[in-house]
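My notes are below the structure.

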Amino acid sequence: MNTPTQPTASITRELELPPPTCVLVRYGELALKGGNRRDFESALGRNMRAALRQISNARIDRLQGRYLVTPETRVAEAARRLQDVFGIKSVSPAWSVASDPETIVTQARAVVADALARRPGTREVTFRVSTRRADKRFPLSSIDFDRLVADRIIPTEPRLRVQLVRPELNLGIDVRDEKTFVFIDRLPGPGGLPVGTLGRALCLLSGGIDSPVAAWMSMKRGLSMSYITYHSYPFIGDSAKLKVIELVRALARYQQHSRLYVVPFADIQTAIRDAAPEGYRTILYRRMMQRIATRVAERFGLSALVTGDSLGQVASQTLENIACISAAAGMNVLRPLIGFDKDETIELARKIGTFDISSKSEPDCCSLFMPSHPILRGKTEICDAVEARLDVEAQVARAVASVEIHDIESEV
């Protein structure tokens, strides 16, 4: 009786795999958009093209339920870059071949052999074939083709063991009218909706951990994000401003162009320090920040403010103090982190690449003239009484007139 033999070196060389030729892009939530779906798909296409601009020219084709991205070069790098584009559920670097069963099988054998070579050793590897047959003229059903491919591959690869649920290697075969795409890797994307499809907002960005995460979560829901920060020079040096610029640049990998507004804030803080009860300083700072942010947002056509507030996390974020601060805003304020605890925010900050920057020890305006015992349940009428002595309108107008504007591009 003949016994199975290991693949020879000549077969291995024959199946040596060139780099992938394209990227299959899957989206999730966009598929539920009904009559507006085409607008969301078009926005996703634009955002993908912008994300790839620094890597390679790419052709982007809409398939049924998919996008096909064909970069001129650096396909694997392009796939990694697309993992940062909101609206994308997953991406797969893939090889395109003619929609002929024998041609597909040959390519599939090479793809699996390469995947096994990247898992050195002799341990068993679980495996399945998953065929998606968009071309109904293809001579075999999806299930029959799964079996055919497995029957042709498994005898040459003794390490493989069939497992249909959560296998380590899931060989994907996407059969289309003119071409078939073969792939192994399914790299996760961020999901959500394409940036810019739900409007434009302004994030109040400190140098801390929370506000960059709030900006990222808002972008995930389709908002195009601009940023505003407050700089208390000469009490606080330029290193604080440079830290915020670095944060915006890190977030620009998810939105290719970003604008940061830097507001001089020292005069306002000293005026509040001199006029207000000490416990109310932080609330009054934040009320002025909301007013200035609203004015900047209206001037530049932005429709909402975004903050990193988390209920009860610090004294200024009790329910009463949030109400006092919100009363000064002239537009909708979004708080994506309102139910997060700090560990959840830190975990997400690490994931999106802002945690290390936020963790740099730099003073910011929020630490200036901090009260020793901040009020926990502020009253709007007390805030109004203090502000009546401050000439709020003049202070806001001077701050807005002195805003620095920084346009920041992605470096990824």
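I am working on a predicted model, where local features need pLDDT of at least 70, side-chain atom pairs count only at pLDDT 80 or more, and totals for chains, interfaces and linings use all residues. Residues are numbered from 1 along each chain as its sequence is written, and side-chain values use heavy atoms, with hydrogens and water left out.

**Strand β4.** I looked up residues 88–98, which make up strand β4 (strands are DSSP runs of E, at least two residues, numbered from the N terminus). I found 8 of the 11 residues in β4 buried (under 20% relative accessible area with a 1.4 Å probe, protein chains only; exposed is over 50%, partly exposed in between).

**Partners.** Which strands pair with β4? I counted a pair if DSSP finds at least two bridges between the strands.
- β1 (residues 22–27) runs antiparallel to β4 over 6 bridges, with Val25 opposite Val91.
- β8 (residues 179–183) is also antiparallel to β4, over 4 bridges, and there Trp95 faces Val182.
- β9 (residues 187–188) joins β4 through 2 antiparallel bridges; Ser90 has Pro188 as its bridge partner.

**Leu164.** Next I checked the loop between β6 (160–162) and β7 (169–175), where Leu164 lies. Is Leu164 buried or exposed? Leu164 counts as exposed because its relative accessibility is 55%.
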